[in-house]
Amino acid sequence: MIRILLLIFLVAWAGTNHAQESRFFKHDLGNANAGITINTILQDKNCMLWLGTNTGLARYDGVTWHPIKLNLSEPVNVVSLMEDHRQRIWIGTASGEVFFLDQARHIHPFSIEEGHPKKSITGIVEDTSGQIWFSTYGEGAYVYTHERLFNFNLDDSLSGNEIYSMVSTPDGEVWLGTDDGISICSFQKDVKKVRKLGLKDGLTDQIITSLKVSPAGDVYIGTFESGLAWYSKKQQKIISSIVNPGMDEITSLEIFDGREVWIGTHTSGVWRYMQNWTSPHRVDNLQALKTIDVTDLLADVEGNIWITMNQGGLIPGFRPFEYIHCEVGDIQSVFCDHADNIWIGSKSGLYRLEDNPTGSSKAVRMAPGYDLNITDILEDHFDRLWIGTLDKGLFIYDPATKKLSALGSVIGKGGVTIMSMAKSQNKIWLATLEGVVSCPADEDILSNRSSFSLLSDPWQSNLHFVFQVYVDSKNKTWFATDGNGVFCDDGNKIIQYTGDEKAPLRTVYSVCEDHRGHLWFNTPDLGLVEFDGTSYTLLNVAQGLGNPNISSILSSGTGDIILAHNRGIDLMEPDRRHFIYYSEEIGAKEIEPGLNAISRDNDQNIYIGCQDGIYKYFSSRNKLSNDPRTQLTTVRVFDDPVDFANQNQFKHSQNFFTFDYVGLWYTSPFSVKYQYMLEGYDIQWKESKDNAASYLHLSPGQYTFRVKASENNFFFSEPIASYSFSIALPFWLEPWFIILMTITGGSLMWWLIKSREKRSERHAILKKEMVESQFSALKAQINPHFLFNSFNTLITIIDENARNPEVAIEYVEKLADFYRSILQYREQESITLEEEFELVHNFTYLLEKRYGNHLRLHVDRPVKDAYILPLTLQMLVENAVKHNVISAQRPLDVYITIDDDDYVSVSNNLQPKSSSEPSTQFGLPSIIKQYQLMSDRKVIVEEGPDVFKVRIPLLKRTGT
């Protein structure tokens, strides 16, 4: 985007005649737009400016130029714009293509079965029934009924197919300006109607180049070479043709405040016209800006008049303020009489501001033989001017006879310095340095000069220095004093007002009344004080006042109060206590206004006397916008724009937001500041000059972004733009998920508890089985029969090895190791396979001493990291010995092997004893039960005709 700089062109006035003109600015659109042709300008209902140029469409906020791409392939020459009642912006091009922006400002091509025109779209309007009309230069006009597109051309009695301009009137008709007069069209229920206006109807030129409808329904008609015509709706005819010899082809028209017509021309600049003028007046100070080949005019909601030109010109001027350069100097008083003549009192004498047919004004010296230092001017019931002076007392001037009469002092002694005058219903008041005097308002003072009377004490002594006398709407007379506050004479008594603790009234320069009856006091030390009859409210710079040292105040017809000070002029809305400060943008920097040199005419316009001229405030009949219009232009999530008009719900991962906004204040765009706040995140408002705000990593929740703009750094009552949105919770924080997880977690907890209980139960059973099994094994080994056999074997070994006692010792050691292993392993849930094999070897050693080589044990090498329940293999070997015959003829072979499927097998050749020994029920059945508790894999018992095998699953780690 291009940063736009605002260039202020100071226009110099030459000579003694100077027009009443607004101050104009020129916007530099940047090098990228140098030489661009601006064909048309539109302000939408949100107050944004849209510009149609020879390179396309642009949005303009007074600071930044935002191009809008209509066609991806090539630039589009936009020649017409219109916003309909649905806030769609219609865009007409020189090629006949039509586009529109929807309310969210998304671009759409206008596609219809009948196809779009092939000639330039010179105008677009909407009639009262909502139909959209397109005028073309070469194909007549088209009307779009929102279903079909119909054409008006020469075959339908149009004056011509080449249409320059088109307007829609309040009565539902559409006027077309052609090369051969005006065609007035309507289209209802598929019926075309056309009537014409031409030379025979009062037109002075048949080439109609521009049309404009006033709010009252009158139509202003711009022609090619015969100036301006005016069609009266009330009289249903052209009642006047307004011509100025210096005005050439009219290219555009605009109406300001319903009564002032602005005229753009091809080569002769910009003109103004009002119905009580004899001819249009040229805006002379625009000539320095080279306003030639004007393409369009626009009056915006603030009161600016925008001028677009063929060679890249974009010039606004703030219409409500005009400057009249008088070359009088030291203006101390300004007064508007009953006929709206403007009278000027200065240190050098009396002047009257005179207008002339060319639109220029000049200050004409009245009563040139008198050098009067004039302090105030007043008009009496006889239409004569009362002139108060600083050192020569009172003078009476009769405008009809141009005679000046000197009354001198209004008090017997002194009274030659008159500070202020005012007229109530029955009195004329004069404030002198010797006190306040009055006289009957209906008396001819020239016939009875002794009618003046002083106020009686004790009040008179407090009113020796009165800056202003003011009469309010209730006919009460107020006196603004130097040091004693304000006094009020209600006709019966005089009351002194000195304010309160927060707003003490001492010196008061002037008094003003607003439309609600509140009084406003201008003080040199406090600023502005509002008095509602009961309480006082102080307003100064902190509340937005441009300068606390105010020279004069007065209410206008709009209800606003005008305040003049050396830095410029403030406009205040009393209801909101909202100030707008105007300075350089209207050329009012260091204007040196005279004290109470302010007056109001019959149209409620305000005139402010300054050092070298007069500022006029044009009191608009239509309410102008006094605030920046704040709007969100873009909402971006991770820098991607979203359709914030329709989308306000986002995923939890969409939590990086940027808000682009603008405060539209075209009168002084660079003075705008912003306050913004994200409710749900920010604690307080943030202030910034930037027009974007970003927020990172927003948590799920509800948010509202609010932003407001101010041109005076006072944000209290400014309008707010807002956007509410929500960021969703992640699914794991959603209520349904939490409930589901709670149920699942509860179920899992229940399952874990039950599993733990089952494991505890299984563990208890296993412990019991193991204890019983180990006890059985221990009992089996220490029962008398086993001990008897072991001791007999020991005796035999001793007898046979009397000379070799080491054999008997080894036997005893093996027997001891065996019993020690039983005692050691019986407390463990599992042991390594190596430990079990060693136990089996010790046990087999004892058996081999008994059975010799008739018992043969075959053992594989144990694997590492394999575990087994204690005494499992020992018990299986013992069972094999216990239940099978062992002899020289029938030896017993016991095999302990490691299988590939993580099983260890104990097998023996099957040769059962003829009579079996009684079972303890703690052998194989106990092993099977223990492994059911300790492993998912089962103990496998295989019994064949010759072999008995038990397969035991290996455990991978202890306790599993």
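Predicted model: local features only at pLDDT ≥ 70, side-chain atom pairs only at ≥ 80, totals over all residues.
The chain has 6 helices and 75 strands. Its radius of gyration is 54 Å, well over the 30 Å that the globule rule gives for 960 residues, so the chain is more spread out than a compact globule.

**Overall form**

- Along its principal axes, the C-alpha trace spans about 175 × 85 × 45 Å.
- Of the 960 residues in the chain, 54% are buried.
- For a sense of distance within the chain, take Ile307 and Asn426: they sit 119 residues apart along the chain, and their C-alpha atoms are separated by 50 Å.
- Ile307 belongs to strand 30, which covers residues 304-309.
- Ile307 counts as buried because its relative accessible area is 0%, and buried means under 20%.

- Four residues, Glu327, Glu590, Glu592 and Asp612, form a negative surface patch.
- You will find Asp612 in the loop that joins strand 58 (606-609) to strand 59 (613-617).
- Asp612 has 37% relative accessibility, so it counts as partly exposed.

**A nonpolar patch on the surface**

- Leu729, Phe731, Trp732, Leu733, Trp736, Leu740 and Met741 make up a nonpolar surface patch.
- Together, these residues have about 680 Å² of accessible area.
- Phe731, one of the residues in this patch, lies in the loop between strand 68 (720-727) and helix 1 (735-782).
- With 45% relative accessibility, Phe731 counts as partly exposed.

**Two loop residues with positive phi**

- Lys189 is not a glycine, yet it has a positive phi of about 55°.
- The loop that holds Lys189 runs between strand 19 (181-188) and strand 20 (191-197).
- Lys189 counts as exposed because its relative accessibility is 80%, and exposed means over 50%.
- Asp257 is not a glycine either, and it has a positive phi of about 60°.
- Look for Asp257 in the loop between strand 25 (250-256) and strand 26 (260-265).
- Asp257 is buried, with a relative accessible area of 8%, whereas Lys189 is exposed.

Conventions. Residues numbered from 1 in each chain as written. Heavy atoms only, no water. Patch = residues over 30% accessible without salt bridge, like charges linked within 9 Å, V, L, I, M, F, W, Y side chains within 5 Å. Areas by Shrake-Rupley, 256 points an atom, 1.4 Å probe, with all protein chains shown as cover. Salt bridge = Lys/Arg side-chain N within 4 Å of Asp/Glu carboxyl O. Lys, Arg positive; Asp, Glu negative; His and termini not counted. Charge placed at Lys NZ, Arg CZ, Asp CG, Glu CD. Helix = DSSP H or I, 4+ residues; strand = E, 2+ residues; numbered from the N terminus. Buried < 20%, exposed > 50% of the residue type's maximum accessible area, 1.4 Å probe, protein only. Rg over C-alpha atoms; globule rule 2.2 N^0.38 Å.
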